[in-house]
Amino acid sequence: MSALDVGYAAGCGAETGMRVRRTGAFRTRRDARRYWLLLCLFLGAGVAAVLGLILYNQPVPVDSPSFIPVVKRRLTSVTAMFIAALCHSFATVAFQSVTGNRIITPSLLGYESLYSFIQTSVLFFFGATTLVRFTGTGAFFLQVALMIGLSLILFGWLLSGRYGNLHLMLLVGIIIGAGLNSVSGFMRRVLSPSEFDLLQARLIGSVNNADAAYFPIVIPLVLATALAMFLLSRRLNVLSLGRDAATAFGVHYQAHVILFLVLIAVLMATTTALIGPMTFFGFLVAMLSYQAAPTHDHRYVLPMAFAIGFGVLTSAYFLLYHVFHAQTVVSVLIELFGGIAFLTVLLRKRSL
Amino acid sequence: MSTHAMHEAEIGSPPPLAEPRPERNRLITVPFVLAVFAVIALGAVSLFTGVYDIWGREDGRDMFFITRVPRTIALMLTGAAMAMTGLIMHLVTRNKMVEPTTTGTTEWAGLGLLAAYLLVPGPTLVMRMTGAIVFSFVGTMIFFLFLRHVRLRSSLIVPITGMMLGAVVSAFSTFMTLRFNMSQVIENWFIGSFAPVQAGRYEHLWIIVAVTLITFLYANRLTIAGLGEDVATALGLHYHRLILLANALVAVCVGVVAAVIGNIPFLGLIVPNIVSMIRGDDLRSNLPWVCLTGMGTITLCDIVARVVIMPFEVPVSLILGTLGAAVFILILLRQRRSGRVR
Amino acid sequence: MITLQNVRKTYGGEVRIGPLNIEIPKAGITSLIGPNGAGKSTMLLMIGRLLKMDEGRIRVANMDIARSKSNDIAKILTILRQENHFITRLTVRQLVGFGRFPYSKGRLTKEDEAIISKYIDFFGLTDLEHRFLDELSGGQRQRAYVAMVLCQETEYVLLDEPLNNLDIARAVQMMEHLRRAADELGRTIVVVLHDINFAARYSDRICAMKNGQIAAFGTVDEIMRPDLLTDIFETRIEIIDGPYGKLAVY
């Protein structure tokens with residue numbers, strides 16, 4: 001069977017009668033072909049942008065001894081882009097399916113507020129020198145552990161038991177985030193301008209925040225989580241039908257929802273601690289991937305989401321760094337597009 | 001409970017509109033008078049709370065009138081305004097979790113302030129206020145537009161979406177502040193505080209009195225507008241005009257407060273909810289209570305803010321932001337237990 | 001056999017359902033009727049484990065609903081609620097294919113595909129199988145949902161108001177399909193219905209509920225009595241003999 005045939009449903013129309021009736025992820029052969037074409041296109045764009053980011057505008061010639069260190073440094077940001085794209089795309093798609101709502105993002109659960117709360121309070125209580133030193137592996141994993149821990153408490157508290165309610169949990173997560181934001185907002189106000197600038201760099205997501213020292217642990221962690229999610233994507237398909245249908249099909253809904261939320265928490269916490277907050281990047285990616293992958297089947301949606309996320313992020317960085325020489329932080333621009341996409345979707349939705 | 005049943009329950013228990021309830025319709029009751037006295041007492045405490053020794057110092061009397069009196073008046077007006085915006089939004093949307101913080105209106109006001117700074121270097125207070133009002137109006141309109149044409153499966157979706165919308169707007173504000181190096185403007189707005197209030201800087205808040213009067217006059221009609229376009233039209237009301245009016249009232253309150261004081265989170269949510277927990281859902285007759293409770297709550301919070309780390313003070317928005325968040329969560333959990341949230 | 005023993009459920013301290021004690025025998029169609037708020041849907045949802053009971057025990061084919069593994073239950077019992085919205089766009093065939101999930105876990109085998117085709121054909125959806133659900137009429141969509149739960153090939157099928165929003169022709173068609181599923185495929189179908197006459201025409205047994213209690217349970221002839229129905233619905237109801245059996249007139 002060729003790659004193009006995977007997941008395609010028997011064509012409808014004239015040749016009825018002779019065909020083998022199959023249930024595929026795509027409605028027509030054309031949809032399937034378009035999917036693979038777009039997937040390759042986005043991955044290709046991603047790879048091209050990566051090559052561009054690494055090789056274009058090299059300050060040193062290839063045979064120079066400092067060529068390898070330069071490439072290495074650039075590889076660090078590219079790896080960070082890979083991690084950000086994987087985390088945000090998988091987490092957002094899975095989150096939207098689990099919650100049955102296509103206009104929300106897992107960033108809402110307060111990871112970003114907690115992250116900026118931690119960063120701000122380190123600066124507030126211990127001063128700038130501590131914040132600069134608050135970067136070791138220990139500090140990094142402390143933050144990841146705190147974020148995952150907080151979300152586990154939230155899920156355990158509000159999702160289990162007879163009153164378990166997903167929307168309520170979401171709303172409580174948002175409100176806790178807002179509460180934390182007002183505390184960190186106050187602390188920020190007391191800072192001197194130089195401290196403020198130092199902090200602001202940390203609070204805006206940027207792949208330049210990433211430190212290669214964490215990669216040996218972060219990469220396996222993220223890859224394993226994403227792989228687990230991909231392997232469970234058939235269950236995600238059923239969960240996206242909602243609680244009643246999933247239960248009727250024998251899927252333990254509550255347990256599976258919590259399982260997926262834990263996986264999502266791991267991804268979100270890791271990327272937020274590594275790169276910083278990016279609220280609407282995941283939303284933008286998820287929205288585009290539903291357009292590009294016209295299927296309910298997460299085995300196809302998830303890879304497409306990753307391809308789009310990676311393609312968008314790397315191309316944006318390449319274009320803004322080397323073509324437009326824009327000093328604007330790339331992620332802020334992506335956030336902006338994500339936000340506009342959100343508004344558009346919001347006003348076009350008929351039912352939620 | 002099924003979602004279906006929830007809709008039925010929501011539609012099935014509209015606030016008593018025209019039912020004659022003599023004891024409820026009479027405003028001057030013993031508890032109300034007591035509440036008025038309580039708020040007056042809080043106001044008095046507010047007048048005499050502070051580091052500056054207004055009795056001993058020579059210019060104590062002047063300071064009293066330059067800072068203490070304006071601050072207390074500002075507190076009262078802001079409290080009434082923000083609590084009332086919450087109530088108006090509850091009336092119109094029939095959702096008790098809707099208020100400026102949960103619809104993005106606050107963030108739009110912040111963006112409006114920013115726009116004023118961008119368009120005019122060194123804008124006057126009136127310009128900033130206008131910017132904030134116009135943007136709050138547009139923002140609230142967008143949210144109402146969304147609410148009108150979308151079919152909701154859960155009433156909790158509304159605040160979730162609203163806060164998402166707020167996050168979008170504030171992402172945009174962040175972008176602008178970075179681009180034009182004005183982070184401090186937004187940060188200062190985000191932290192609503194009454195510390196800088198003094199004679200000559202707060203008088204625009206008196207606009208709120210006019211808004212309050214209009215709200216009292218239109219409360220019944222706004223309640224009917226909350227029942228939807230069909231019901232409102234059937235009862236001979238101009239639905240769209242009423243929605244615009246509600247929007248304008250909310251936008252003026254939020255905009256004026258944003259320009260003069262800053263961000264005052266969650267007040268519009270907790271005050272009307274607490275009032276209706278105690279007094280029931282008769283929204284119309286709750287209005288004076290909501291204003292009063294709003295005044296009392298914010299004054300109390302401000303006194304706490306002034307006392308807690310004396311001789312310094314914390315911004316009142318910090319107290320309201322954390323306390324409000326906690327109360328909001330408690331309200332949600334209470335509703336969950338009684339099975340009203342799904 | 002579906003057995004309920006002292007099943008109780010309380011909503012928000014006011015509405016009480018139960019104690020429910022009933023034995024619904026295997027095979028045939030059993031209709032649940034009664035006024036609004038009588039507890040029909042609650043009982044159905046509790047049997048279908050979509051709603052937790054406060055007290056009591058429910059056994060379906062000797063399996064305790066509260067204690068057995070969800071996936072094991074999904075092989076003997078399925079339930080369809082009256083309103084279904086999915087966030088993803090699904091074709092009819094994809095939807096029906098989900099019915100095989102308890103067996104295949106999403107990896108459809110040749111046998112699964114044959115079973116899916118069988119139920120699509122059974123419900124007359126063959127030509128529509130690659131249409132998206134949102135491209136179908138209400139009646140077609142409802143048939144697709146029912147095809148999905150039948151495709152699960154469970155002994156027991158619970159349906160909550162499957163005739164909701166269907167016009168008379170579609171409603172009759174749906175009941176004919178269910179009748180055939182009971183007769184030809186040997187399913188035990190429990191269905192909540194609003195219309196007494198639909199219940200009388202198509203079911204084998206009727207369970208009448210009122211105020212959270214089971215008021216009467218028996219064959220159609222045992223339940224279609226004027227005094228009994230008048231009492232249950234608190235409206236004067238006469239029974240006349242029609243061409244297809246007894247008819248309630250009110």
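Trainee: Where does Lys9(C) sit?
Mentor: Lys9(C) is in strand β1 of chain C, which covers residues 2-11. Keep in mind that this is a predicted model.

Trainee: Is Lys9(C) buried or exposed?
Mentor: Buried, because 22 other C-beta atoms lie within 10 Å of Lys9(C). The cut-off for buried is 20 or more.

Trainee: What does Lys9(C) touch, leaving out residues up to four places away in sequence?
Mentor: Ile17(C), Gly18(C), Thr42(C), Met46(C), Met53(C) and Asp54(C). Take Met46(C): it is 37 residues from Lys9(C) in sequence, and the C-alpha atoms are 9.0 Å apart.

Trainee: And the sheet? What is the strand order?
Mentor: β2-β1-β4-β5 in chain C, an open sheet of 4 strands with antiparallel pairing.

Trainee: Which strands stand at the edges?
Mentor: β2 (15-24) and β5 (63-64) of chain C. Each has a single partner strand, so one side of each is left without a neighbour in the sheet.

Trainee: How many bridges pair β4(C) with β5(C)?
Mentor: 2 bridges, in the antiparallel sense. Strand β4(C) spans residues 55-60. As for residue pairs, Arg59(C) has Asp64(C) in β5(C) as its bridge partner.

Trainee: Zoom out to chain C. How many helices and strands?
Mentor: 10 helices and 12 strands.

Trainee: What is the radius of gyration of chain C?
Mentor: 18 Å. A compact globule of 250 residues would have a value near 18 Å, so chain C agrees with that. Along the principal axes, the C-alpha trace of chain C spans about 55 × 45 × 30 Å.

Trainee: What percentage of chain C counts as buried?
Mentor: 44% of the 250 residues. On contacts, take those in chain C with a separation of 6 or more: 63% of them join residues 24 or more positions apart.

Trainee: Is Glu234(C) buried or exposed?
Mentor: Exposed, because Glu234(C) has 9 C-beta neighbours inside 10 Å. The exposed class takes 12 or fewer.

Trainee: Now the core. Which residues touch the most other members of the largest nonpolar core?
Mentor: Phe90(A), Ala94(A), Cys253(B) and Ala147(C), in a core of 281 residues. Helix α2 of chain A, residues 67-99, gives the largest share of this core, 15 residues.

Trainee: What is Ala147(C) in contact with, leaving aside neighbours within four places in sequence?
Mentor: Val96(C), Tyr119(C), Ile120(C), Phe122(C), Phe123(C) and Leu125(C).

Trainee: How many residues of chain A are in contact with chain B?
Mentor: 38 residues of chain A, against 43 residues of chain B. On the chain A side, α6 (166-190) and α14 (330-348) each supply at least two residues.

Trainee: What does chain A average?
Mentor: 81, with 90% of the residues at 70 or above. In chain A, helix α4 (residues 128-133) is lowest at a mean of 73, and helix α8 (residues 215-231) is highest at 92.

Trainee: Where in chain A is the pLDDT below 50?
Mentor: Over residues 1-18. That stretch has 30 contacts in the model beyond near neighbours in sequence. Where pLDDT is low, the predicted coordinates should not be read in detail.

How values were computed: Residues numbered from 1 in each chain as written. Chains lettered and ligands numbered in written order. Predicted model: local features only at pLDDT ≥ 70, side-chain atom pairs only at ≥ 80, totals over all residues. Contact = placed C-beta atoms within 7 Å. Core = buried A, V, L, I, M, F, W, Y, C linked by C-beta atoms within 7 Å. Rg over C-alpha atoms; globule rule 2.2 N^0.38 Å. pLDDT = per-residue confidence, 0-100. Pairing = 2+ DSSP bridges.
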